[in-house]
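User: I would like to learn how to read backbone features in a model. Please walk me through them.

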Amino acid sequence: MAESRFLELKCPRCSNPQITYYKATIKVKCTECNKLLIKPTGGKAKIKAQIKNII
Ligand SMILES: [Zn+2]
C-alpha cells in the first residue's frame with residue numbers, strides 16, 4: 001500500500017467506523033475515543049485498526 005487512498009476503518013477500542021485518508025506520513029486518530037489508528041513509521045504507515053474497505 002504505497003500510494004495514498006481512502007480507507008474505511010473500524011476502531012478496535014470503541015468500534016466507531018470512520019473513513020480516513022491514508023498516507024504514509026499522516027497520523028490518524030479515532031474521532032470518538034482518540035485512539036491512534038494509523039501510525040507513521042518512516043516511509044510506511046502502520047495500521048492499528050481493522051480495515052473494512054479500501055475506497
Ligand atoms: Zn475509537
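User: Where does Asn34 lie?

Analyst: Asn34 lies in the loop between β3 (28-29) and β4 (36-40). Strands here are DSSP runs of E, at least two residues, numbered from the N terminus. This is a predicted model: local features need pLDDT of at least 70, side-chain atom pairs count only at pLDDT 80 or more, and totals for chains, interfaces and linings use all residues. Residues are numbered from 1 along each chain as its sequence is written.

User: How do I read phi?

Analyst: Most residues other than glycine have a negative phi. Asn34 has a positive one, near 70 degrees. Ser15, also not a glycine, has a positive phi of about 65 degrees.

User: Is Asn34 buried or exposed?

Analyst: Count other C-beta atoms, placed from the backbone, within 10 Å of the residue's own: 20 or more is buried, 12 or fewer exposed, in between partly exposed. Asn34 has 11 such neighbours, so it counts as exposed. Ser15 counts as exposed because it has 11 C-beta neighbours inside 10 Å. Of the 55 residues of the chain, 16% count as buried.

User: Which loop holds Ser15?

Analyst: The loop between β1 (5-10) and β2 (17-22). These strands form a hairpin with six residues between them, and Ser15 is in the turn.

User: How do β1 and β2 pair?

Analyst: Two strands pair if DSSP finds at least two bridges between them. β1 and β2 are antiparallel, with six bridges. Glu8 has Ile19 in β2 as its bridge partner.

User: What is the secondary structure of the chain?

Analyst: Zero helices (H or I runs, at least four residues) and six strands.
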